[in-house]
Amino acid sequence: MSTATAEHHDHDDHGPAKGWTRWLYTTNHKDIGTLYLLFALVMFFIGGGMALIIRAELFQPGLQLVDPLFFNSMTTMHALVMIFGVVMPAFVGLANWMIPMMIGGPDMALPRLNNWSFWIMPFAFLLLLSTLFMEGGGPAGGWTLYAPLSLQGGDSFAFVIFSIHFMGISSVMGSINIVATIFNMRAPGMTLMKMPLFVWTWLITAYLLIAVIPVLAGAVTMLLTDRYFGTSFFSAAGGGDPVMYQHIFWFFGHPEVYILILPAFGIISSIIPTFARKPLFGYASMVYATASIAFLSFIVWAHHMFTVGMPLAGEMFFMFATMMISVPTGVKVFNWIATMWRGSMTFETPMLFAVGFLVMFTIGGLSGLMLAITPADIQYHDTYFVVAHFHYVLVPGAIYSIMAATYYWMPKWTGNMYDEKWGKIHFWVSTIFLNVLFFPMHFVGLAGMPRRIPDYSLQFADWNAVATIGAFGFGFSQLIFVYVVLKCMRGGEKATTEVWEGAEGLEWTVPSPAPYHTFEKPPVIN
């Protein structure tokens with residue numbers, strides 16, 4: 001026996017790794033899911049802290065707390081941290097935990113790749129956050145890194161690009177793993193159309209990620225060569241075109257928006273049937289709606305660019321294509337409401353977050369429909385109305401669904417029941433402050449307040465003060481969430497095998513097909 005093999009056996013004899021090495025070397029899908037979720041929670045507070053710096057500066061007109069360059073760094077970093085460091089890792093964590101259990105697989109298909117996908121993330125974000133301490137400060141070109149603005153500033157730029165590449169590698173590897181798992185690890189009899197919707201939404205999301213992350217990698221690499229190697233992809237002086245950067249970026253950026261929301265649709269489709277005690281209404285139409293949203297997301301990218309001087313035919317195409325996306329989204333909202341219709345509903349914390357998602361995500365969807373109208377968008381573009389729109393989609397959309405999923409599956413993960421009273425307090429306090437924070441932004445936006453500015457005209461002062469109060473209230477109310485999670489992890493009332501009594505009860509004990517319901521043809525009995 002070779003020395004290496006002997007050492008390997010010797011290591012095995014000691015049993016599984018203990019302490020911190022367990023987390024470093026783990027290939028267990030549940031451990032890696034937990035790591036992703038805890039990482040996302042830490043980044044949530046870092047990104048939230050940046051948002052509070054932005055709102056504190058905007059509490060009243062004038063420059064009082066930070067210099068404008070640092071303010072720009074905060075708006076840029078807040079978005080990069082929240083998108084790549086919070087929402088995406090949290091959804092990947094939920095996928096790691098739940099997909100193998102939902103499809104009856106023993107683990108993810110590629111466990112070592114899974115470990116590597118996670119451990120790249122902390123280093124990517126250390127790189128990104130370290131730019132704040134470099135000469136010239138962090139990135140200050142907005143999270144979209146539009147050329148030529150993003151090409152100004154200090155040498156932290158190269159580190160920002162490097163960290164984005166790392167995040168992209170992590171996302172693509174995680175997505176390949178999820179696709180491989182869903183196609184190869186399903187239990188016998190678990191056909192594609194019997195998979196829980198969470199698995200379906202993640203399968204479609206994984207394909208989106210694999211398709212568009214390389215596009216982002218290409219765009220930021222071209223920025224890098226423009227800055228350091230004398231190319232002029234985006235420099236008009238050298239024959240390039242800054243608008244081309246916008247096309248390439250948004251060809252990634254629009255599917256990315258759906259990457260941030262499709263897994264949320266899967267989570268809500270698990271929670272609502274459980275607490276309505278009815279099977280999900282229109283399962284097949286939900287699958288097709290998700291797939292059509294994913295397809296349409298590739299042909300609407302230039303609705304972010306109505307003000308660049310597109311030909312009229314281009315504006316018309318992107319306007320109508322964008323409006324088309326509201327059709328499958330409307331189908332999903334209809335199906336969720338139809339699932340709740342005449343159900344035996346109870347409102348435990350996960351259901352509260354799911355209903356909150358439904359109401360506020362729809363508000364964000366309606367303001368999105370307003371922004372799709374080209375002549376209207378030319379007025380709304382780059383105002384706080386846009387900020388209000390996408391925060392109504394992403395905070396009650398992505399963040400609420402992650403919290404709903406945490407409350408819903410935490411008893412399964414920990415074996416303990418969370419504190420229901422504090423969960424409900426967390427929901428209500430968050431929801432009140434969320435609306436105090438983002439709803440006034442519609443008003444100042446329609447009145448003409450531009451986004452991404454550290455100072456503003458006097459007429460916007462009142463609503464900005466209200467929004468800032470909402471921001472601090474919302475931010476600090478998330479400490480309740482941390483308290484509930486930590487309390488549940490440390491112990492508490494034991495969860496039963498069927499935590500939530502209802503139609504989805506089977507999901508807790510065995511990975512089995514959804515219970516038979518009357519929305520399809522009855523089975524033929526010989």
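Visitor: How many salt bridges does the count come to?
Guide: The structure is a predicted model, and the count comes to four salt bridges.

Visitor: Why is the pair of arginine 22 and aspartate 31 called a salt bridge?
Guide: A side-chain nitrogen of Arg must lie within 4 Å of a carboxyl oxygen of Asp. For arginine 22 and aspartate 31 the N to O distance is 2.7 Å, so the pair qualifies as a salt bridge.

Visitor: Why is aspartate 419 called buried, and what is its partner in a salt bridge?
Guide: The relative accessible area of aspartate 419 is 19%, which is under 20%, and the residue therefore counts as buried. Its partner is lysine 487, with the closest N and O atoms 2.6 Å apart. The pair links distant parts of the chain, 68 residues apart: aspartate 419 is in the loop between H14 and H15, and lysine 487 is in helix H16. Lysine 487 is partly exposed, with a relative accessible area of 36%.

Visitor: Which residues touch the most other members of the largest nonpolar core?
Guide: They are Phe125, Trp202, Trp336 and Trp409, in a core of 162 residues. Helix H4 (residues 68-103) supplies the largest share of this core, 22 residues. Leaving aside residues up to four places away in sequence, phenylalanine 125 touches Phe39, Met43, Leu80, Val81, Phe84, Gly85 and Met167. Another core, of five residues, lies apart from the largest one and includes Leu371, Ala376, Phe385 and Val386.

Visitor: What makes tyrosine 245 buried or exposed?
Guide: Tyrosine 245 is in helix H8 (residues 242-259). Its relative accessibility is 0%, under the 20% limit, so tyrosine 245 is buried. Not counting residues up to four places away in sequence, tyrosine 245 touches Thr144, Leu145, Tyr146, Ala147, Ala219, Leu223 and Phe234. From phenylalanine 234, tyrosine 245 is 11 residues away in sequence and 6.4 Å away in space, C-alpha to C-alpha.

Visitor: Why are H9 and H10 called roughly antiparallel?
Guide: The axes of helix H9 (residues 262-276) and helix H10 (residues 283-296) cross at roughly 170 degrees and come within 11 Å. An angle over 145 degrees counts as roughly antiparallel, and H9 and H10 are therefore described in that way. H9 passes H10 in a right-handed crossing. The contact is made by Leu262, Phe265 and Ser269 of H9 with Met286, Thr290, Ile293 and Ala294 of H10.

Conventions. Residues are numbered from 1 along each chain as its sequence is written. This is a predicted model: local features need pLDDT of at least 70, side-chain atom pairs count only at pLDDT 80 or more; totals for chains, interfaces and linings use all residues. Side-chain values use heavy atoms; hydrogens and water are left out. Helices (H or I, at least four residues) and strands (E, at least two) are DSSP runs, numbered from the N terminus. Buried means under 20% relative accessible area, exposed over 50%, partly exposed in between (1.4 Å probe, protein chains only). A nonpolar core is a set of buried Ala, Val, Leu, Ile, Met, Phe, Trp, Tyr and Cys residues joined through side-chain atoms within 4.5 Å. Contact means heavy atoms within 4.5 Å. Axes are lines fitted to C-alpha atoms, for helices over the stretch in contact, and angles run from 0 to 180 degrees between N-to-C directions. Angles under 35 degrees count as roughly parallel, over 145 as roughly antiparallel, 65 to 115 as roughly perpendicular and the rest as oblique. A crossing is left-handed if the near helix is turned anticlockwise from the far one by less than a right angle, and right-handed if clockwise.
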